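Have the sequence and the 3D view ready, and follow along heading by heading.

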Amino acid sequence: MLTKRIIACLDMDGGRVVKGVRFKNLRDAGDPAECAGAHARDGADEIVLLDITATSGNRRTLLDAVRRAARSLFVPFTVGGGIRQLADAAAVFDAGADKIAINSAAMRDPALIGRIALRFGSQAVVVAIDARNVNGRFEVFAAGGREPTGREAIQWASEAAACGAGEILLTSMDRDGTQSGFDCQLVRAVSEAVSIPVIASGGAGSAHDFIEVFRDGRADAALAASIFHFGIENIAQLKRELHDASVPVRWPC
Amino acid sequence: MIAIVNYGAGNLNSVKKAFDYIGADVAVTAQPETVASADKIVLPGVGHFSSLQALDRTGLREALLQSASAGNPFLGICLGMQWLFEGSEECIEVAGASILPGKCRHFPSSVKTPHVGWNSLAVQEGSRLLRGIAQDSFVYYTHSFYAPIATETAAASEYGLRFAGAVERDTIFGVQFHPEKSGDVGLSILKNFCEV
């Protein structure tokens with residue numbers, strides 16, 4: 001039986017893993033390669049590394065972190081942040097990523113999704129969407145959540161899927177870092193609208209939140225960062241609780 | 001030496017890295033001569049079935065078939081396993097190796113595609129490739145087309161229907177999942193292949 005994935009996310013800034021609340025107030029959480037390995041050993045089904053303040057100066061730092069993390073990582077590894085063109089994606093794949101995540105660049109140029117998919121396969125292209133509830137409508141934000149785009153999340157997710165995306169990484173900006181639970185309404189709406197897997201992100205705080213987003217939100221995978229870094233809950237414990245609640249997970253692993 | 005065949009499809013680095021990690025002597029090659037002289041062959045691949053056409057154009061197809069029929073162990077991964085069959089609905093113009101019977105088909109519309117994630121294996125007794133792999137072990141899949149269950153099926157998984165997760169006939173092996181991305185279970189499978 002296909003299991004629900006628990007994905008550990010590392011937000012990286014200047015070569016260090018950090019975690020903020022609602023995309024702000026960053027705290028240091030360690031070395032990316034060490035964090036990636038520790039999460040994999042702990043039972044993470046996948047690792048995502050996001051360069052959250054990606055600038056051209058940070059490129060080398062990111063590729064170096066990807067290379068070091070990939071060396072002894074034998075679970076799927078997704079890398080995002082600052083990928084603006086096919087060549088950026090190729091460099092990240094070359095450094096050892098299995099999938100890339102693109103966000104703002106895909107919105108500016110949806111055909112980029114298809115260009116990367118054509119060369120590396122759809123399974124390697126994750127389109128990340130940051131959305132916020134604005135007057136009852138889920139609006140997409142670009143540039144790390146700083147710029148409103150006026151786009152509607154469900155419609156953009158469908159378009160991305162049609163362009164060749166292999167998965168959608170859907171972050172609720174309202175819930176990000178708050179540990180108050182996933183936005184099941186947002187996740188379910190997108191999950192039902194697209195035929196590709198949806199990874200829910202933003203708001204993980206307890207095992208109950210994961211159970212809810214898998215059952216009510218119909219998520220295929222769920223991603224969390226802050227709860228794992230600071231030892232509030234480890235992945236092994238989370239998976240045991242999901243298993244006990246009859247959510248299919250890779251356990252034991 | 002184990003030759004990892006580079007025909008331009010997908011990310012070979014991760015496959016090479018996994019073999020390096022378990023201490024195997026591997027080389028990534030696009031040369032039919034290198035393939036012909038290798039002790040064992042790994043045909044990886046992700047993406048579209050049409051990319052297998054490159055094997056026909058480059059002379060790799062003949063080298064692979066000759067080596068495999070001479071009894072050199074062969075491991076196809078993902079698209080590389082699908083190549084062992086007659087062909088795929090994904091691209092009917094490109095022929096598979098027809099070493100195994102049947103064609104690869106798209107998953108039914110009742111399930112989301114691609115099939116992405118960790119799924120469990122129902123392991124057939126006596127498989128050499130899956131020696132020591134516990135029943136219901138989890139492996140990582142990412143694909144939209146599947147190979148049919150046949151007498152050569154070494155392990156089956158379920159997603160909308162039962163499909164071949166691993167195949168095995170004599171020294172010819174194939175896995176639809178990605179052993180290089182399947183944690184310790186995957187590394188054990190690659191070790192088994194090295195020891196065949």
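## Ground rules

Two strands pair if DSSP finds at least two bridges between them. Helices (H or I, at least four residues) and strands (E, at least two) are DSSP runs, numbered from the N terminus.

This is a predicted model, where local features need pLDDT of at least 70, side-chain atom pairs count only at pLDDT 80 or more, and totals for chains, interfaces and linings use all residues. Residues are numbered from 1 along each chain as its sequence is written, while chains are lettered from A and ligands numbered from 1 in the order in which they are written.

Start with strand S7 (residues 115-120) of chain B, which is joined to strand S9 (residues 138-143) of chain B by 6 bridges, with the two running antiparallel. One spot to look at is Asn119(B), whose bridge partner in S9(B) is Val139(B).

Strand S7(B) is mostly covered, with 6 of its 6 residues buried. Here, a residue is buried if 20 or more other C-beta atoms, placed from the backbone, lie within 10 Å of its own, exposed if 12 or fewer, and partly exposed in between.

## The open sheet

Chain B also has an open sheet of 8 strands with mixed pairing, in the order S2-S1-S3-S4-S13-S12-S11-S8. Its edge strands, each pairing on one side only, are S2 (26-29) and S8 (122-123) of chain B. Inside that order, S3 (residues 40-43) and S4 (residues 74-77) of chain B run parallel and share 3 bridges. Val42(B) stands opposite Leu75(B) in S4(B).

## Two helices in chain A

Now hop to chain A, where the axes of helix H3 (residues 86-94) and helix H5 (residues 111-120) come within 10 Å and cross at roughly 40°. Axes are lines fitted to C-alpha atoms, for helices over the stretch in contact, and angles run from 0 to 180 degrees between N-to-C directions. That angle makes H3(A) oblique to H5(A); angles under 35 degrees count as roughly parallel, over 145 as roughly antiparallel, 65 to 115 as roughly perpendicular and the rest as oblique.

Which residues of H3(A) and H5(A) make the contact? They are Leu86(A), Ala89(A) and Phe93(A) of H3(A), and Arg115(A), Ile116(A), Arg119(A) and Phe120(A) of H5(A). Being in contact takes C-beta atoms, placed from the backbone, that lie within 7 Å.

## A buried proline

Pro76(A) lies in the loop between helix H2 (59-70) and strand S5 (77-80) of chain A. Why does Pro76(A) count as buried? Because Pro76(A) has 27 C-beta neighbours inside 10 Å. Among the residues that Pro76(A) touches are Glu46(A), Tyr140(B) and Lys181(B).

Terms used: Contact = placed C-beta atoms within 7 Å. Lists of a residue's contacts leave out its neighbours within four places in sequence.
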